[in-house]
Number of protein chains: 2
Amino acid sequence: MERSLREDVIRIFMAGVAAVEPGRAVRSHLKLEGDTLLAGQHRMPLTPGGRVFVVGAGKAGAPMAGAVEEILGEWVYRGLVVVKYGHLWPVEKVTILEAGHPLPDEEGVKAAAKLLELLEETTEHDLVVCLLSGGGSALLPSPAPPVTLADKQKVTSLLLESGADIGEINCVRKHLSLLKGGGLARAANPARVLTLILSDVVGDPLDVIASGPTVGDPTTFADALDILDKYNLLERAPDTIRTHLTQGMEGKHPETPTSGDAIFSGVINLLIGTNTIAIQAAEETARALGYQTSVLSATVTGETREAAAAHAAMTREIAFTSQPVTRPTCLLSGGETTVTIRGTGKGGRNQEFVLAAAIGIEGVPGTVVLSGGTDGTDGPTDAAGAVADGTTVGRAKTVGMDAVAYLNNNDAYPLFEKLGDLLITGPTLTNVMDLRVILISPENPES
Amino acid sequence: MERSLREDVIRIFMAGVAAVEPGRAVRSHLKLEGDTLLAGQHRMPLTPGGRVFVVGAGKAGAPMAGAVEEILGEWVYRGLVVVKYGHLWPVEKVTILEAGHPLPDEEGVKAAAKLLELLEETTEHDLVVCLLSGGGSALLPSPAPPVTLADKQKVTSLLLESGADIGEINCVRKHLSLLKGGGLARAANPARVLTLILSDVVGDPLDVIASGPTVGDPTTFADALDILDKYNLLERAPDTIRTHLTQGMEGKHPETPTSGDAIFSGVINLLIGTNTIAIQAAEETARALGYQTSVLSATVTGETREAAAAHAAMTREIAFTSQPVTRPTCLLSGGETTVTIRGTGKGGRNQEFVLAAAIGIEGVPGTVVLSGGTDGTDGPTDAAGAVADGTTVGRAKTVGMDAVAYLNNNDAYPLFEKLGDLLITGPTLTNVMDLRVILISPENPES
């Protein structure tokens with residue numbers, strides 16, 4: 001069997017996804033050597049008689065917990081990890097609880113309470129392994145009583161409507177929560193904490209992923225009140241919110257710990273799966289297959305079709321002039337774009353990217369474009385993305401489909417379905433946003 | 001948090017399932033030490049310049065392939081594994097194709113043809129890792145042309161209707177197939193073959209699991225013709241069948257290789273996940289939790305409610321007399337029972353087992369019974385099974401549900417759903433049949 005450009009592009013994408021598969025991400029960063037746990041660059045001696053607690057939240061939580069159990073074996077005492085409904089995977093000692101996402105629900109509140117109860121057992125001999133991944137914030141809602149989940153959601157909505165930015169919203173929310181903004185690290189104290197993170201946030205900011213339950217927070221109750229005041233929400237927010245924040249400012253509730261707080265001396269936050277890690281794995285495979293590689297960016301955001309047009313322009317340039325890089329070449333990028341919905345069709349940002357790129361490389365020989373969600377889903381479809389080349393627009397035309405019209409209707413799915421060019425990976429349980437791979441063949445087949 | 005009997009029983013069950021999770025099963029039997037592959041007790045030096053091909057079929061194929069890639073890294077050249085629709089998992093180099101199960105389809109036929117084409121590339125320097133799991137036979141249909149899939153299905157139906165036993169049916173089918181009955185080992189020759197097997201067949205017979213593609217077959221074309229003759233099917237079977245078998249007997253097609261055939265000198269078949277392995281892992285966990293363990297059998301078959309009655313009788317005996325074993329005790333059994341459907345309800349064999357057992361242990365204090373499918377599904381439900389104790393029948397009564405009536409209507413699901421006693425694990429992608437765990441507490445709480 002001869003290798004095709006299309007086969008290569010899928011293999012390169014899958015190499016990226018496989019590297020951040022939750023279990024593999026844990027196993028490639030965590031090793032047990034005798035009684036010492038090697039976590040990335042860190043060496044953590046386990047205390048004889050000490051116990052390992054496994055906690056966390058996020059869509060990838062179950063397979064991450066399975067990998068931790070596999071590595072730490074008898075060291076694991078017990079645990080509790082909250083996942084989105086249906087995101088299960090067989091584990092032994094760790095209790096996996098399901099809760100609501102993206103909208104948090106009471107199951108999540110109950111789970112968070114149980115998690116806090118479990119952490120009360122920890123001593124200075126213990127290690128808490130905390131597993132965070134996409135969805136972790138919604139899955140572990142822990143409003144400080146008497147604030148309720150509904151109160152918290154209400155103030156979040158008010159802030160969003162008022163135009164508050166994500167930093168402001170997070171400041172308020174962290175001051176209404178028992179776990180976010182370093183709360184989990186405080187609850188785990190005096191045990192040491194090792195947090196393993198699969199990041200689905202552009203740029204991987206530790207304080208934002210799952211709202212930073214084991215990361216210091218420089219903001220204060222006073223800041224939170226100022227933000228409510230700034231948007232004239234002091235009166236409109238639920239009473240419990242104002243009361244809790246005011247009491248907090250008066251010292252009646254513990255302030256979110258800053259990064260200099262002593263509790264963080266025993267805390268390690270380790271990124272084990274990121275868009276960059278996926279890109280690097282994809283890049284290695286591309287090189288092994290003989291391509292020169294260029295990583296354009298791991299943080300592509302913005303309107304999908306514009307990003308696609310830019311990628312297509314670079315592709316054409318290389319295909320026609322071998323500038324700025326020589327062929328065969330693999331271009332890689334990551335991040336997560338958005339789609340401004342104008343039509344009524346079926347698709348997702350990755351399929352839309354590939355369709356827009358297909359229009360941009362129409363007729364260009366020896367090129368192929370793939371974009372896919374590392375979680376295996378793209379919009380409300382069963383596809384992760386799609387694959388296209390210089391013949392895509394023409395092949396669509398021969399079956400009566402006008403690529404531009406389909407793009408304008410945000411209707412990429414039926415087109416790629418018809419052409420057999422959907423990328424179907426099934427759910428991967430991981431999520432480090434999207435990965436785009438463009439290949440330009442060794443030589444121009446028409447030259 | 002105090003540990004409950006119920007928490008323990010679920011943990012013990014999950015320990016069994018986790019041990020045969022496809023990736024973990026592969027990783028616990030396969031290690032790379034320098035250039036030597038350790039497969040169970042076998043040491044297989046890899047040949048410098050040699051390549052590893054990964055092939056196979058079965059519902060667990062994708063995560064098994066992922067684990068092989070993780071262990072063998074750059075050694076893996078390429079591969080092709082066929083899975084049931086939707087049974088995907090992210091892998092890098094191995095192509096995962098989806099096909100029909102339990103009814104084979106043309107996608108499976110096409111995949112089998114590609115697999116044979118891939119194996120044509122192998123040389124004596126190469127290693128073929130073959131991954132087999134439940135469903136492998138249906139997923140890799142390879143009728144010897146001009147026999148078609150429809151012809152093969154027709155003769156199978158005729159044999160079933162005629163009362164042929166499974167051994168006879170397999171003899172005929174292996175002689176109509178290019179891959180079954182040692183055919184895959186022949187196609188892989190002269191490369192070495194390492195077959196890793198997750199068994200969903202009671203007793204783990206290597207020649208039956210996935211129809212033994214890398215196992216010798218002592219039967220002949222003549223035997224196959226005799227079987228058709230015995231059931232008066234020589235005339236009624238499709239022409240292509242009779243022709244192929246007759247030509248085979250005349251030496252025009254290669255006979256299925258016997259286990260003494262030279263091609264098997266380089267073939268290792270290794271069971272990496274079995275019901276017994278799951279039971280052993282469950283047993284270890286039960287011991288670690290302080291229970292004495294008794295494995296009743298890994299091969300429980302027959303009518304579900306009768307098996308349940310027997311298990312309940314033993315449970316009562318131990319609970320009341322501490323005979324024949326002392327408490328706290330964990331009874332374990334495996335295998336797969338059947339349910340003769342008499343009612344119109346919703347359930348599965350594991351839920352039916354637990355409901356029947358609940359009736360048998362009604363009022364017995366300090367006991368708990370769990371039965372679950374290791375694949376995470378039980379009948380046409382989203383549950384893997386259920387958990388019950390001496391209070392189950394009474395609790396059902398208080399919500400207006402008569403346990404005996406529900407059992408007689410094969411309607412265990414709504415009862416356990418109402419009581420909150422369903423066992424939900426989500427799909428595990430593995431399958432080594434069912435696992436039953438019964439716990440009898442340290443002391444009789446009423447004594």
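Hi everyone, let me start with one residue: Arg305(B) is buried, at 17% relative accessible area. A quick caution before I go on: this is a predicted model.

So what does Arg305(B) pair with? Its partner is Glu352(B), and the two form a salt bridge in which the closest N and O atoms sit 3.1 Å apart. Arg305(B) belongs to helix 12 (residues 304–321) of chain B, while Glu352(B) belongs to helix 13 (residues 349–360) of chain B, so this pair ties together parts that are 47 residues apart in sequence. Is Glu352(B) buried or exposed? Glu352(B) has a relative accessible area of 3%, so it counts as buried. With Arg305(B) at 17%, each of these two partners falls under the 20% cut-off for buried.

Now a contrasting example, also in chain B. Glu250(B) and Lys252(B) join their side chains in a salt bridge, at 3.2 Å from N to O. Here Lys252(B) is exposed, with 56% relative accessibility.

Next, let's go across the chains. The side chain of Arg78(B) meets that of Glu7(A) in a salt bridge of 2.6 Å, N to O. That pair crosses between chains: Arg78(B) is in strand 5 (residues 76–84) of chain B, and Glu7(A) is in helix 1 (residues 5–19) of chain A. Arg78(B) is buried, at 5% relative accessible area, whereas Glu7(A) is partly exposed, at 24%.

How many salt bridges does the structure hold over all chains? The count is 37. Some of them share partners, and one network built that way joins Glu21(A), Arg24(A), Arg27(A) and Glu70(A) with Glu21(B), Arg24(B), Arg27(B) and Glu70(B). If you have the structure open, do click through those residues.

The same surface serves both copies, as 100% of the contact residues of chain B recur in chain A.

To wrap up, I'd keep two pictures in mind: the Arg305(B) and Glu352(B) pair linking helix 12 and helix 13 of chain B, and the Arg78(B) and Glu7(A) pair crossing between chains. Thanks, and I'm happy to take questions!

Terms used. Residues numbered from 1 in each chain as written. Chains lettered and ligands numbered in written order. Predicted model: local features only at pLDDT ≥ 70, side-chain atom pairs only at ≥ 80, totals over all residues. Heavy atoms only, no water. Salt bridge = Lys/Arg side-chain N within 4 Å of Asp/Glu carboxyl O. Helix = DSSP H or I, 4+ residues; strand = E, 2+ residues; numbered from the N terminus. Buried < 20%, exposed > 50% of the residue type's maximum accessible area, 1.4 Å probe, protein only. Contact = heavy atoms within 4.5 Å.
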